[in-house]
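Please keep the sequence and the model in view while reading.

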Amino acid sequence: IDRYLEESGYPPLKYAGADAAAMSQSFLDHGQFDRVLLITDAAVPESLKPATDDGRLKSVSDTSAQGIQDEVAKFLPLASGLDDVVVFYFAGHGDSNPAPFLVPGDARADRRRKISLSDVFESLTSNDVRARNKLVILDVCRSAPNDAQGRTMSKGFRAALVQPEQRLAVLTGCDADQSCFEADEEQHGRFTWALLDALRGNGFQ
């Protein structure tokens, strides 16, 4: 998500949409995924059109909390095989007040519109998702928009990523008290750019 409402307190991002589109392309090309759901407020590249036409990719522009939750709820049960692989990727802002959540495009200062991190994990581990292989990738770091340390991942957000009986793997762009950054040269978040480079095979050289 690149565009956030001014009243939310979260600044806009430059490349989160490009990150999500590039990860979708990589999942299709290198991961050979059968289905990919791309939710972004950025323009969808022409390179993804063939996958849209053949039904492997569904792109959605509604980045509201309800829109994201509804689309994900319909998409996850498609992973009906035990050996299926489910990857949940999010690039955008995160927050930890009052509890860790991902910030949707319609977020406001009252924080009522949000995507709870616990809800994400519960959706992925519910009985409706039979796949045993589950990975969460988060290119987020912000703990709160108005805190002095607002660009770093809070310890509370970090702690919520690893819970007993979680039954999934989590990969993040930074640790507690660290930050994720966007790079103008690569026109991506630095973490996602490195991840994309590795998925192309360069990480194994």
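Against which strands do the buried residues of α3 pack? The structure is a predicted model, and in it the buried residues of α3 pack against β1 (36-39), β2 (57-60), β3 (85-91) and β6 (115-116). The points below begin with this helix and continue with the nonpolar core, the aromatic rings and one histidine.

**Helix α3**

- Helix α3 spans residues 65-75, and its buried residues are Ala-65, Gly-67, Ile-68, Glu-71 and Val-72.
- Viewed down the helix axis, the buried residues of α3 fall within an arc of 165°, so they line one face of the helix.
- In general, an α-helix has 3.6 residues a turn, so residues three or four places apart point the same way.
- Ala-73 and Lys-74 are exposed on the other side of α3.

**The nonpolar core**

- The largest nonpolar core contains 48 residues, and those with the most contacts inside it are Phe-88, Phe-90, Leu-102, Leu-124 and Leu-138.
- Helix α1 (residues 16-29) supplies the largest share of this core, namely six residues.
- When its neighbours within four places in sequence are left aside, Phe-88 is in contact with Val-72, Leu-102, Val-120, Leu-124, Leu-135, Val-136, Ile-137 and Leu-138.
- Val-72, one of these contacts of Phe-88, is also one of the buried residues of α3.

**Aromatic rings**

- A pair of aromatic rings is described by the distance of the centres and the angle of the planes.
- The model has two aromatic pairs.
- The ring centres of Tyr-4 and Tyr-10 are 6.1 Å apart and the planes stand at 45°, so this pair is tilted.
- Tyr-4 is buried, with a relative accessible area of 9%, and Tyr-10 is buried as well, with a value of 3%.
- The ring centres of Phe-27 and Phe-33 are 5.1 Å apart and the planes stand at 20°, so this pair is stacked.
- Phe-27 counts as buried at 12% relative accessibility; Phe-33, at 19%, also counts as buried, because the limit for this class is under 20%.
- A charged residue also meets a ring: Lys-114 lies over the face of Phe-101, at 5.5 Å from the ring centre.

**His-188**

- His-188 belongs to strand β10 (residues 188-189).
- His-188 is buried, with a relative accessible area of 13%.
- Apart from its neighbours within four places in sequence, His-188 is in contact with Tyr-15, Ala-18, Asp-19, Ala-22, Glu-182, Ala-183, Trp-193 and Leu-196.

Notes
Residues numbered from 1 in each chain as written. Predicted model: local features only at pLDDT ≥ 70, side-chain atom pairs only at ≥ 80, totals over all residues. Heavy atoms only, no water. Phe/Tyr/Trp six-rings, centres within 6.5 Å; stacked < 30°, edge-to-face > 60°. Buried < 20%, exposed > 50% of the residue type's maximum accessible area, 1.4 Å probe, protein only. Lys NZ or Arg CZ within 6 Å of the ring centre and 35° of its normal. Core = buried A, V, L, I, M, F, W, Y, C linked by side-chain atoms within 4.5 Å. Helix = DSSP H or I, 4+ residues; strand = E, 2+ residues; numbered from the N terminus. Contact = heavy atoms within 4.5 Å. Arc of directions from axis to C-beta.
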